[in-house]
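Me: Please set out, in question and answer form, what can be said about the structure shown below.

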Amino acid sequence: MSEHFLIQGGVVSDGARVDIEIKAGVIAALGVDIAAPGAEVLDATSMVVLPGFVDLHTHLREPGRENSETIATGSLAAARGGYVAVSAMANTLPVADSAAIVEQVAAIGKAVGLVDVFPIGAVTKGLEGRELSDLASMAHSKASVRVFSDDGNCVSDPLVMRRALEYVKQFDGVIAQHAQDPRLTEGSQMNEGLTSSTLGLKGWPSVAEESIIARDILLANLVGARLHICHVTTRGGVEIIRWAKSQGMKVSAEVTPHHLILTDESAHSYDPIYKVNPPLRTADDVLAVQEALIDGTIDILATDHAPHPVESKECEWQSAAFGMVGLETAFPILFTTLIKSGRMSWMRAVEVMSTTPAAIAGYTHHGRKIAVGEPAHLAIVDPAAMWEVDRATLASKSKNTPFHGMKLSGSVVATFFNGHLTHKVGN
Amino acid sequence: MNHLLSINDIDKEFAIRILDTAIEMAKVSDGPVKKLPTLRGKTVVNLFAEDSTRTRISFEAAAKRLSADVINFTAKGSSISKGESLKDTAQTLQALGADAVVIRHPASGAAQQLAQGRWVHGSVINAGDGTHEHPSQALLDAYTIRKHLRGNTGDLTGLRVAIVGDILHSRVARSNILLLKKLGADVVLVAPPTLIPVFASQWGVEISYDFNAILPTVDAVIMLRIQQERMSDLYFPSEREYSSLFGIDAERLALTKPGSIIMHPGPMNRGLEITAEVADSKQSVVVEQVSNGVAIRMAILYLFIAGNQEG
């Protein structure tokens, strides 16, 4: 792999056309008609060059569930999606609730070398919601964990949540909450609404998400802590976050690609490929989260990439696993739903895909502007490309994408991570 | 391929054709030789992944009266209870060469998945999937109502039917609502608000919490079985309170319209949603529903399997 590149003729997010020279892992030169003798030239005419993407919510499944995904296959899927950093969720086997596990995950990620793999630590031991994990030990480990989450489970006990929020202040950590009241969602299968009533599938009401968001915003404010809300799906949740931000409270939020485009009506097929937690909501909720991502109420796009083997999805809906893979389709979904029509600017796209997730998680090496001397983390995208998703071609070990057969606009044609070309279309 | 997965799969005209065909089938059941050669050489598999006595034997009797070979595949002791996937079970059945699979399954959507997944080649007949639908029950209920109140002919326009009880968890209610409305009847759901599904009003039905006020206004009352575990899930405080508000007893029977009928898909919880007095009263057609069930299922098997031959 050549380590000296010249990206020619691409446009950056402010609309300027520049050539970018990459050498020794950094952006070596930037300007019009750069000469870079010996460099491998990439023609980026009609392409857009963006800071490499950062995902704050990725299930890599290793250790323990390597039949679904490994750090290696997940890293490759991330690179294909334009990502240069992912945040490995803690619900592995064993759970990432100790320094040993997070260091192991980080070390494997580093050895794979396709993206930075930042482990997320579990808030509570075993994700059980009762006792705090060794949060500071994980923060001070070689993995330098700053984001903590019991994702998959909600930290539902208000006292446990308060203590966690308070405790991680000592190292500027942040709790990423999976907002789901467990009592209101026992046995829940999909969004509670007309569709769930008609299909006879047990409902997951919006209020189970919104009540936890409201409670945790108040708790975080009480103790002066930062709070991050995972995968917001409802209009009500958006309104509560909007209010909190208007009060100057320290809350950030994410939305997934699938919640930007799919609705609960897809469950009419009874195809568990559409079964996900939190569930797909109504068209009105989709509109609300889209608007919130555009106006900044929701800060970032996060994939909630959740690989599952075929047998976990090729079964009855109520027996199927929750979750969808998303790393490789995230940008095309964002482009197709919001950027293509002009509702979201390229500047805002850079914030939601790169700058802001890096800032929330404290990944200082990421989300930086495209400038000389900066690390060469770049995603090159082709806005004119049309892509029919074919699950067989996904790099992820699991193929549980709801977008199979869907035609999406915009594709990631190349990714640079620390100056290495980690993905190039056609390779 | 013809499947009966939901009442949405049939239009009004076809629903009436099923009811009319069932009249002919009932004559067979009432005759000295209870058998027709229609499905000779055909195989019907009853795939029952959930306990059910009356629906299974009803489908079995129906298939046998049409001379089909019947294979019963039930959950207890079978590989289904050992966690075998629906797909694997279906492929086993396919290897048996089923012309129709009658499926009862605890998962909503199982019948549709069986049909969509092309895991079997024959017709899929939904005999109750989770809390979704139970189309053959709705057809036999419509048959029973039409027989008593419309002289066994035409549709149900102008009739008003109450469905009372645990609508939320009832596949019978979902199919009945769709079919009764398709046939022109008005439907009123009577239950505590905890047992009415969200947005049920968008189904084009009336909703009431006052059983006494509704009783004099309806031509048929369909009582639903109330399961005792609903109490521990906090849907209502006690059996006594449920019974006093939404059960039917002799006192409430006296409020009904003359000539109206009382129905129940069974099995009944006598003393809970229906008292013995009412269940055994002249207005009760519960026992007749069972015999009508065989005729309706004969009509369904005949029309769906024979339909495949034509196609």
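Me: In which loop is the place of B:Pro267?

Reply: This is a predicted model, in which local features need pLDDT of at least 70, side-chain atom pairs count only at pLDDT 80 or more, and totals for chains, interfaces and linings use all residues. Residues are numbered from 1 along each chain as its sequence is written, while chains are lettered from A and ligands numbered from 1 in the order in which they are written. Helices (H or I, at least four residues) and strands (E, at least two) are DSSP runs, numbered from the N terminus. B:Pro267 is placed in the loop between S9 and helix H11 (276-279) of chain B.

Me: What is the omega of the peptide bond from B:Gly266 to B:Pro267?

Reply: Most peptide bonds are trans. The bond from B:Gly266 to B:Pro267 is cis, its omega being near -10°.

Me: Where is A:Pro94 found?

Reply: The peptide bond that joins A:Leu93 to A:Pro94 is cis, with omega near 0°. A:Pro94 itself lies in the loop between strand S7 (83-88) and H2 of chain A.

Me: What is the phi of A:Arg61?

Reply: Most residues other than glycine have a negative phi. A:Arg61 belongs to the loop between strand S6 (53-54) and H1 of chain A. Although not a glycine, A:Arg61 has a positive phi of about 70°.

Me: Why is H1(A) oblique to H2(A)?

Reply: Axes are lines fitted to C-alpha atoms, for helices over the stretch in contact, and angles run from 0 to 180 degrees between N-to-C directions. Helix H1 (residues 71-80) and helix H2 (residues 99-112) of chain A have axes 9 Å apart and pack at an angle of about 55°. That angle makes H1(A) oblique to H2(A), because angles under 35 degrees count as roughly parallel, over 145 as roughly antiparallel, 65 to 115 as roughly perpendicular and the rest as oblique.

Me: Which residues of H1(A) and H2(A) make the contact?

Reply: Two residues are in contact if their C-beta atoms, placed from the backbone, lie within 7 Å. By class, this contact has 5 nonpolar, 2 polar and no charged residues; Ala, Val, Leu, Ile, Met, Phe, Trp, Tyr, Cys and Pro count as nonpolar, Asp, Glu, Lys and Arg as charged, and the others, Gly among them, as polar. H1(A) contributes A:Ile71, A:Ala72 and A:Ser75, and H2(A) contributes A:Val105, A:Ile108, A:Gly109 and A:Val112.

Me: In what order do the 5 strands of the open sheet of chain B stand?

Reply: Two strands pair if DSSP finds at least two bridges between them. The pairing in this sheet is parallel, and the order is S7-S6-S5-S8-S9. Each of the edge strands pairs on one side only, and these are strand S7 (206-208) and strand S9 (261-263) of chain B.

Me: Which residue in S6(B) stands opposite B:Val161?

Reply: Strand S5 (residues 160-164) and strand S6 (residues 186-190) of chain B pair in the parallel sense over 5 bridges. Within S6(B), the residue opposite B:Val161 is B:Val187.

Me: Which strand gives the most to the side of domain 1 of chain A that touches domain 2 of chain A?

Reply: An automatic or database domain assignment supplies the domain bounds, dividing chain A into domain 1 (4-49 + 373-384 + 407-424) and domain 2 (51-361). In the contact, 18 residues of domain 1 of chain A meet 20 residues of domain 2 of chain A. With 8 residues, the strand that gives the most to this side of domain 1 is S17(A).

Me: Which helix of chain A gives the most to the side that touches chain B?

Reply: Between the chains, 16 residues of chain A are in contact with 19 residues of chain B. The most on the chain A side, 3 residues, comes from helix H5 (residues 194-199).
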